[in-house]
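Subject: Handing over a structure, with notes

Dear colleague,

I am passing a structure on to you, and I would be glad if you could look through it before reading my notes.

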Amino acid sequence: MLVNPRGFCAGVERAIAIVERLLALHGAPIYVKHEIVHNVSVVEDFKQRGVIFIEDPDEVPASSVLVYSAHGVSQAVRKSAEARQLVVHDATCPLVTKVHAEVRRLHADGYDIVMIGHKGHPEVEGTLGQADGGVYLVENEADVAALRVKNPRRLAYVTQTTLSVDDTMHLVNLLKKRFSEIRMPRKDDICYATQNRQDAVKKIAADCDVILVVGSASSSNSNRLCEVARLCNVPAYLVDGIADINPKWLENAKTVGVSAGASAPENLVGELTAWLVEKSVPGATVQEFPGVSENVVFSVPKGLR
């Protein structure tokens, strides 16, 4: 049973298109801050074509082309790249950019900001780096309980865009309980694609014996899809491809659900379903489960159109 929607979101498609066009315009090497998106297959393909993934802009030769990944970067990274006169192209997802702008605006208005997210994730690091102090990261209940802020009456929160909707709401409710005047974002920070994919998994979970999610271990939204399935009491496993499948997962499974994280290419889903039909479950059929239609498109920057 193929889940819909699944796979690439508009932000991922835009980021990949930016690197593709820069390769066509400039040729290799093209430098990218962090992985352009969190998918092993996509990253390896670009590496083979001369894309070099780095973490420190100081590693990039002067006057070279540098792309910011879909996850966004801190203001310090931007200043460093500018000081070194690098040719910068920004592939930050517009929905992440919206959160960055919100943090800068709130900080300028005298608010402290609580960010709900996963420590060390590049999107979180980029968002925390939008303000010089006054931004607090919380990951769990213990972090909320231990949180100490300067002025509870001038406090707001934002969230990482790829979190579990249910887990995030739980932490938001705890924050509201502790800080009754905390200010919420003008618009929900969790992106449409993350929410749609989680909702779709919930809808098919009751009809599945096991769910396979195509995505890389570094992909936050892919991991959240597995968590959502498990919360529905369905075994779920994250795989980069068919090589990662343990046949024992499929023993006695009559219906296998297949979804994909927002950074997973559709060709990997096709390979997986073909393998399930031909190798693992002889005589099986593939059913597309209808879901929300996504018509969001994020254009590449004007200079690359």
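Predicted model: local features only at pLDDT ≥ 70, side-chain atom pairs only at ≥ 80, totals over all residues.

Residues are numbered from 1 along each chain as its sequence is written, and side-chain values use heavy atoms, with hydrogens and water left out.

Helices and strands are DSSP runs numbered from the N terminus (helices H or I, at least four residues; strands E, at least two). Helix α4 covers residues 94-108, and at 1.5 Å a residue its 15 residues should span 21 Å, which agrees with the 21 Å between its end C-alpha atoms; the expected span is 1.5 Å times one less than the number of residues. Its buried residues (under 20% relative accessible area, with exposed meaning over 50% and partly exposed in between, for a 1.4 Å probe and protein chains only) are Val 96, Val 99, His 100, Glu 102, Val 103 and Leu 106. Seen down the axis of α4, these buried residues fall within an arc of 160 degrees, so they line one face of the helix, the arc being that of the directions from the helix axis to the C-beta atoms. The buried residues of α4 pack against β5 (112-116), α5 (122-128), β6 (135-138) and β7 (155-159), where contact means heavy atoms within 4.5 Å. Just after α4, Gly 110 takes a positive phi of about 90 degrees.

Thr 168, which lies in helix α7 (residues 165-178), is buried, with a relative accessible area of 6%. Leaving aside residues up to four places away in sequence, Thr 168 touches Ile 116, Thr 159, Leu 163 and Ile 190.

As background, most residues other than glycine have a negative phi, and most peptide bonds are trans. The peptide bond from Asn 4 to Pro 5 is cis, with omega near -5 degrees, and Pro 5 is placed in the segment before α1 (10-26). The bond from Ala 28 to Pro 29 is also cis, with omega near 0 degrees, and Pro 29 lies in the loop between α1 and β1 (30-33).

Gln 85, in the loop between α3 (75-83) and β4 (87-90), has a positive phi near 55 degrees and is exposed, at 63% relative accessible area.
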